[in-house]
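Please consult the sequence and the coordinates shown below while reading.

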Amino acid sequence: MALVLTGYGRLDRPHRDVERCLRDLAEAVRARDIVLVRGRACLFVEKLEEHLADEEALMRATAWSQIARHTDCHAHLLFEARRFERHVAVNSLTPGIASWALIRLPELIRFHCIVSDFGFAKYALRLAQDPRPRLARRGDSPVRREMSVPRIRSASPPRT
Ligand SMILES: [Fe+2]
């Protein structure tokens, strides 16, 4: 899997760990060692669970508005990863399992990084660069901006 960097270190660092797990899994598949494949599938699923939970906590902490959709995507990724782990636990190494480990899982994660994680990374980077307090940012919607046009004081009537 060629890692897709988002530019946000708090995502990119754990993504490298997940990528390393996938690389180790691929190595076991190429060695045709099903016992090793089972162990590395387990490590991959653990690392993925840990990372996705951390990512969701980070999204909650930064009030990311797309968190519900994003957690749905994570649930799908975990479902596929756990299904793979269960499948290798009771089956021998087939071309189908090899394809699942070498192509399907890496591509699912890569697709998620491009389609979903990039948006959050962009948002988080913008927050990190915004010096205003968080409460001021929350009221920063376009509608509120229009409504918060500074008042123009009416000139007091000339004194006679
Ligand atoms: Fe994500």
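## Model and confidence

The structure is a predicted model. The protein chain has an average pLDDT of 86, and 80% of the residues score at least 70.

Over residues 139–151 the pLDDT stays under 50. For this stretch the model has two contacts beyond four places in sequence.

## Helix 2 against helix 3

The axes of helix 2 and helix 3 cross at roughly 170 degrees and come within 9 Å. Helix 2 is therefore roughly antiparallel to helix 3, since the angle is over 145 degrees. By class, the residues of this contact comprise 15 nonpolar, three polar and six charged.

On the helix 2 side, the contact residues are Val37, Arg38, Ala41, Cys42, Phe44, Val45, Leu48, Glu49, Leu52, Glu56, Met59 and Arg60. They meet Ile67, His70, Thr71, His74, Leu77, Leu78, Ala81, Arg82, Phe84, Glu85, Val88 and Ala89 in helix 3.

## Helix 3 against helix 4

Helix 3, formed by residues 67–90, packs with helix 4, formed by residues 95–129, at an angle of about 170 degrees. Their axes are 11 Å apart. This angle makes helix 3 roughly antiparallel to helix 4, and the crossing of the two helices is left-handed.

Helix 3 contributes His70, Cys73, Leu77, Glu80, Ala81, Phe84, His87 and Val88 to the contact. Their counterparts in helix 4 are Ile97, Trp100, Leu105, Leu108, Ile109, His112, Ser116 and Phe120. The residues of this contact divide into eleven nonpolar, four polar and one charged.

## Val35 in helix 2

Val35 belongs to helix 2, which covers residues 34–61. With 9 other C-beta atoms within 10 Å, Val35 is exposed, because a count of 12 or fewer places a residue in that class.

Val35 and Ala89 are separated by 54 residues in sequence, yet their C-alpha atoms are 8.8 Å apart in space.

## Glu19 in helix 1

Glu19 is located in helix 1, which covers residues 9–30.

Glu19 and Val4 are 15 residues apart in sequence, with a C-alpha to C-alpha distance of 10.0 Å.

Note on methods: Residues are numbered from 1 along each chain as its sequence is written. This is a predicted model: local features need pLDDT of at least 70, side-chain atom pairs count only at pLDDT 80 or more; totals for chains, interfaces and linings use all residues. Helices (H or I, at least four residues) and strands (E, at least two) are DSSP runs, numbered from the N terminus. A residue is buried if 20 or more other C-beta atoms lie within 10 Å of its own, exposed if 12 or fewer, and partly exposed in between; C-beta atoms are placed from the backbone. pLDDT is the predictor's confidence in each residue, from 0 to 100. Two residues are in contact if their C-beta atoms, placed from the backbone, lie within 7 Å. Axes are lines fitted to C-alpha atoms, for helices over the stretch in contact, and angles run from 0 to 180 degrees between N-to-C directions. Angles under 35 degrees count as roughly parallel, over 145 as roughly antiparallel, 65 to 115 as roughly perpendicular and the rest as oblique. A crossing is left-handed if the near helix is turned anticlockwise from the far one by less than a right angle, and right-handed if clockwise. Ala, Val, Leu, Ile, Met, Phe, Trp, Tyr, Cys and Pro count as nonpolar, Asp, Glu, Lys and Arg as charged, and the others, Gly among them, as polar.
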